[in-house]
Amino acid sequence: MKILGIETSCDETAASVVEDGKRILSNVVVSQIDIFSAYGGVIPEVAARSHLEAILPVIDTSLKDANLTWDDIDAIAVTHTPGLLGSLLIGTLTARTLAILHKKPLYPVHHLKSHIYANWIEKSGIKGQIRGETTSLRGFPEVTTEEKTPKPRDDGREGRRSPEEVVSASELMEKSVPSFPLLAMVISGGHTQILYMKRHNHFEIIGTTHDDAIGECFDKVAKILGLPYPGGPSISKSAKLGNETKYKLPHPKVENLDFSFSGLKTAVLRTVQKELDLPISHPSHDLKNHLTEQQIADFSASFEKTAVDILLEKLSLALKQHPDVKSVVFAGGVSANQKLRKEAGKLKGTEIFFPEPSLSGDNGAMVASACFYEIESGVKPADPYRINILPRSEIK
Ligand code: KG4
Ligand code: ZN
């Protein structure tokens with residue numbers, strides 16, 4: 001089954017064709033990052049206008065990259081919730097129109113579900129698994145698949161698998177698919193949640209943030225330190241040159257499996273003011289002008305360590321409370337974080353899954369994959385004349 005997935009919930013215009021929920025045939029992402037790094041954050045009205053410009057060429061390219069025509073497409077999936085109102089509208093209205101025009105079943109998909117299902121997409125690096133290369137349009141930064149090197153071999157023979165040694169899909173799926181019940185840690189710009197999944201398409205929220213999301217916290221701390229938007233990658237880059245034990249930042253005291261990140265952001269602000277010997281009243285936007293490169297790196301490293309520790313402490317508690325859990329999947333933009341990937345790898349007693357780094361952020365492939373598993377779980381297509389967008393909604 002070939003599904004066209006369309007994603008426009010924030011500042012990426014993306015479309016992808018995925019076969020049977022796992023095999024990427026094409027993956028096109030046009031990012032607006034270079035527009036918004038100039039402003040220091042997303043401007044919803046500008047994002048919606050950019051989606052409008054990019055959406056049809058992006059969909060067209062996703063079909064061309066996959067060497068397919070509309071006749072080959074079995075269904076259309078689109079993000080309809082949650083996200084920026086204007087951005088969601090462009091993707092959803094386009095998908096509705098195309099579904100009516102080409103007589104295709106249409107499935108509205110929840111954005112967090114899509115992030116989770118990025119973990120079911122086959123990893124690249126083994127020849128023949130990704131047919132369509134990720135494409136970028138109009139000079140936007142190219143989104144590429146980072147993991148190009150062959151996988152270590154697991155068949156008892158010396159050395160690494162050569163790219164020519166194509167692993168059969170069933171062999172790979174057996175080894176690389178999360179098992180149920182599982183915990184999904186959704187960490188993005190808008191959400192921080194731990195979910196318990198008993199089976200496919202079944203979600204129970206067991207922890208959530210009381211205020212800011214973790215990605216939002218990365219973005220706000222980056223702003224204080226004068227690092228470019230989006231904050232996650234720029235903090236990580238700067239942290240590589242810093243000392244993570246230089247500044248002691250607090251862990252929020254939140255009950256159970258819930259999170260809070262607004263206090264951590266304020267703690268960074270106060271520590272910077274203290275370090276610079278400036279009063280609380282000193283404007284936060286000016287602090288960056290007084291910080292040295294080394295101080296910025298030390299703050300980045302100390303903040304990144306604290307954020308990763310908080311996430312993994314809650315995850316350990318969740319695993320203790322749910323001893324039946326067989327796998328943990330990380331999902332959302334922050335799951336690209338290398339320090340998190342390294343530290344999570346040390347967790348004992350459970351299998352850990354991260355999406356391919358290029359599929360951690362917003363993309364159409366994860367929408368198509370989530371849709372496939374919805375269909376497998378018996379979800380019926382929606383009426384293309386009636387699908388609505390919802391800027392806010394919980395995963396169901
Ligand atoms: O999932 P996503 O692309 O969009 C939403 O659904 O929100 O997540 C975007 C967030 C941003 O806050 C960005 O700073 C963060 O993901 N992010 C990272 C990294 N890459 C992106 N945070 C930490 N480390 C990264 N490497
Ligand atoms: Zn997202």
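Buried means under 20% relative accessible area, exposed means over 50%, and partly exposed lies in between, with a 1.4 Å probe and protein chains only. Helices (H or I, at least four residues) and strands (E, at least two) are DSSP runs, numbered from the N terminus.

A word on what you are looking at: this is a predicted model, in which local features need pLDDT of at least 70 and side-chain atom pairs count only at pLDDT 80 or more, while totals for chains, interfaces and linings use all residues. Residues are numbered from 1 along each chain as its sequence is written, chains are lettered from A and ligands numbered from 1 in the order in which they are written, and side-chain values use heavy atoms, with hydrogens and water left out.

Helix H6 (residues 214-225) packs against H10 at an angle of about 165°, their axes 11 Å apart, which makes H6 roughly antiparallel to H10. Axes are lines fitted to C-alpha atoms, for helices over the stretch in contact, and angles run from 0 to 180 degrees between N-to-C directions. Angles under 35 degrees count as roughly parallel, over 145 as roughly antiparallel, 65 to 115 as roughly perpendicular and the rest as oblique. On the H6 side, Ile 214, Cys 217, Phe 218, Val 221 and Leu 225 take part, and among the residues they meet in H10 are Phe 299, Phe 303 and Leu 311.

From here, H10 leads us to a sheet. Helix H10 (residues 293-321) lies across S7, S8, S9 and strand S10 (327-331), and runs at about 160° to S7. The open sheet has five strands in the order S9-S8-S7-S10-S11, with mixed pairing. Strand S9 (204-208) and strand S11 (351-353) are at the edges with a single partner strand each, so one side of each is left without a neighbour in the sheet. Two strands pair if DSSP finds at least two bridges between them. Within the sheet, six bridges link strand S7 (residues 182-187) and strand S8 (residues 192-197) in the antiparallel sense, and Ile 187 has Thr 192 in S8 as its bridge partner.

Two loops beside these strands deserve a look. Phe 180 and Pro 181 are joined by a cis peptide bond, with omega about -5°, and Pro 181 sits in the loop between helix H5 (169-176) and S7. In the loop between S8 and S9 you will find Asn 201, whose phi is near 60°, a positive value in a residue other than glycine. With 18% relative accessibility, Asn 201 counts as buried.

Finally, turn to strand S2 (residues 12-19). Eight of its eight residues are buried, so S2 is largely enclosed by the rest of the structure. Strand S1 (residues 2-7) runs antiparallel to S2 and is joined to it by six bridges, with Ile 6 opposite Ala 15. A hairpin of four residues connects S1 to S2. S2 also pairs with strand S3 (residues 23-31), in the antiparallel sense over eight bridges. In the hairpin of S2 and S3, with three residues between the strands, Asp 20 takes a positive phi near 50°.

How values were computed:
Contact means heavy atoms within 4.5 Å.
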